Amino acid sequence: MPVRVFVAAVTLAMLASACSAGSSVTGPADPDAISIGFTAEPANLDFTRTDGVAIAQALLLNVYEGLVRLDANGKIVPLLAKQWTVSDDRRTYDFYLWEGVKFSNGRPFTAQDVKFSLDRVKTDWTISLKSKMDVVDRVQVVDPAHARVTLKRPSNAWLFDMTTRVGAMFSQSGVADLPNTPIGTGPYVFASRKRGDSIVLRANPSYWGKRPTYTTVYLKYFKDPTALNNALLSNGIDVISAITTPDSVPQFESDTRFTVLQGTTNSEVTLSFNSAKPPLNDKTVRQALMYAVDRKAVMATVAANRGTSIGSMVPPTDPWYQDLSRTYPHDPSRAKALLIRAGQQNLKLRLRVPNLPYAMSAAQVVASDLKEVGVEATIEPLDFPAVWLKQVFTDHDFDMSIIQHVEARDIVTFANPKYYWGYDNQEVRDLITKGDSGSAEDQVTAMQEVAKILNEDAAADWLLLFPNLIAAKTKVTGLVRNQVGESFDLTGLGRA
């Protein structure tokens, strides 16, 4: 996720700070350590009670593991479960676990932990993603290496959802202090955290699988994108996990010290409308705003034309993708006519955005475009994650916002009227449920119809799909080109 503040240029003092911080982290003589730069720092380390992707980005797959995971091609593959079977009625999953797996606190991982972890999503988790486990009827311990999960109905989405944070396995004796002390079965253990600066992970000496190449990983957090870029240029870090200022990519592409990877993501940069309150509960008004915004200009400004136009909450890596990006071409005259029809010629709206570079840049373009059609959009930057999550995501105190939605297959959030954009459509809910319970072909058909309805309803304005841009020293290998999961996966990293 991008950083807190957009700044066009960094001062010499900031540059010196970035160089100093980076140099002190790994040191040039530590080949077994790697330092990776990020832009959104976790507020704490408990992703069961804190929304946003920053915690899962750092800990999922690296510290916490699930029964299954996504591979580099987005296919579901075994992890803590060496195999699984599905009943003919598609409701019962039998997971057969690897034996000899231990948590970092020394406790063995067994089917009892599977039951504890999945039951706990319903009883103790508070974030919105907990609803992904609502379809689970019961979890049974058949024997220590065999867990059985029975669903209330067949679900195409459930096993995929198990690759996300809701499928993470927890130790029954390791959840007392999740915000500060994560305990998992992964290849790394949490070592330390310096707020505002870094998280340190160490190789798990008792890890059950392949040992990681790097024994120490420093996750470094930068408040400014230019400082992040300069940290790599000045040897302060080894990898930029995601370049948030795509116009800076050429400086790395032209430097033989670095490798640049460009792939795709699940990160829909979305102009969110609060459909639960006037005037944005009026579809005509939302459609007017869609015609008013020049998405090509947004992409040029935010992503240096490296993103993808989508027109829906569906990236091209999803099986039900269809290109709906041309439904609302930039047409200020049509936008004005629709506003007149809706009786909203002098509309004033609050555009409350996280103070992250992509959001601030996009907001400037959006506000300018809206002004051309007579809509006054007041930009209100909010500190991210804490203030934005509280005021916009939780309290729904906004008219419009701009945020990257990075969770996989999150089109289903439109089935929840209590989600922050307040969209309420029974047909959408019915289609999502029907598609999830039917065959794989039924799901594709239903989800394509959902995307068309959301597009026609102007439920949100999908500005672009953000590219995955990674810059790294040439010695670093094993980086994943496409970011299709929540984790920044450290497990495959190597060195040339």
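Predicted model: local features only at pLDDT ≥ 70, side-chain atom pairs only at ≥ 80, totals over all residues.

Student: Is the crossing of α12 and α13 left-handed or right-handed, and which residues of α12 make the contact?

Tutor: The crossing of these two helices is left-handed. On the α13 side, the contact is made by D442, Q443, A446, M447, E449, V450, I453 and L454. On the α12 side, the residues are E427, V428, L431, I432, G435 and D436.

Student: How many nonpolar residues does the contact of α12 with α13 have?

Tutor: Sort the contact residues by class. There are two polar and four charged ones. The nonpolar residues number eight.

Student: M447 was in that list. Is M447 buried or exposed?

Tutor: M447 sits in helix α13. Leaving aside neighbours within four places in sequence, M447 is in contact with W320, I411, V412 and I432. Buried means under 20% relative accessible area. M447 has 3% relative accessibility, so it counts as buried.

Student: How far apart in space are M447 and D436, C-alpha to C-alpha?

Tutor: Both M447 and D436 take part in the contact of α12 with α13. Along the sequence they are eleven residues apart. In space, C-alpha to C-alpha, the separation is 9.0 Å.

Student: On to another pair. How are α7 and α9 arranged, roughly parallel or roughly antiparallel?

Tutor: Helix α7 is residues 283-292, and helix α9 is residues 332-341. They pack at an angle of about 165°, with their axes 8 Å apart. Because angles over 145 degrees count this way, α7 and α9 are roughly antiparallel.

Student: Which residues of α9 make the contact with α7, and how many in the whole contact are charged?

Tutor: The crossing of α7 and α9 is left-handed. From α7 come T284, Q287, A288, Y291 and A292, and from α9 come P332, R334, A335, L338, L339 and R341. By class, the contact has seven nonpolar and two polar residues, and the charged ones number two.

Student: Is R341 buried or exposed?

Tutor: R341 is in helix α9. R341 and V285 are 56 residues apart in sequence, with 8.9 Å between their C-alpha atoms. Over 50% relative accessible area means exposed. R341 has 65%, so it is exposed.

Student: What about L347, buried or exposed?

Tutor: L347 is in the loop between α9 and β14. Setting aside neighbours within four places in sequence, its contacts are P279, V285, L339, G374, V375 and E376. The relative accessible area of L347 is 4%, so this residue is buried.

Student: And N204, which sits in a loop too. Is N204 buried or exposed?

Tutor: Find N204 in the loop between β9 and β10. Neighbours within four places in sequence aside, N204 is in contact with T185, G186, P187, Y188, V189 and R211. With a relative accessible area of 2%, N204 is buried.

Student: Which peptide bond has omega near 10°?

Tutor: The bond from P278 to P279 is cis, with omega near 0°, and P279 lies in the loop between β13 and α7. P385 lies in the loop between β15 and α11. The cis bond with omega near 10° runs from F384 to P385.

Student: Last one: what is the phi of N305?

Tutor: N305 is in the loop between α8 and α9, and at 54% relative accessibility it counts as exposed. R409, in the loop between β16 and α12, has a positive phi near 50°. N305 is not a glycine, yet its phi is positive, at about 65°.

Note on methods:
Residues numbered from 1 in each chain as written. Heavy atoms only, no water. Left-handed = near helix turned anticlockwise from the far one by under 90°. Helix = DSSP H or I, 4+ residues; strand = E, 2+ residues; numbered from the N terminus. Contact = heavy atoms within 4.5 Å. Nonpolar A, V, L, I, M, F, W, Y, C, P; charged D, E, K, R; others polar. Buried < 20%, exposed > 50% of the residue type's maximum accessible area, 1.4 Å probe, protein only. Axes fitted to C-alpha atoms, helices over the stretch in contact; angles between N-to-C directions. Parallel < 35°, antiparallel > 145°, perpendicular 65-115°, else oblique.
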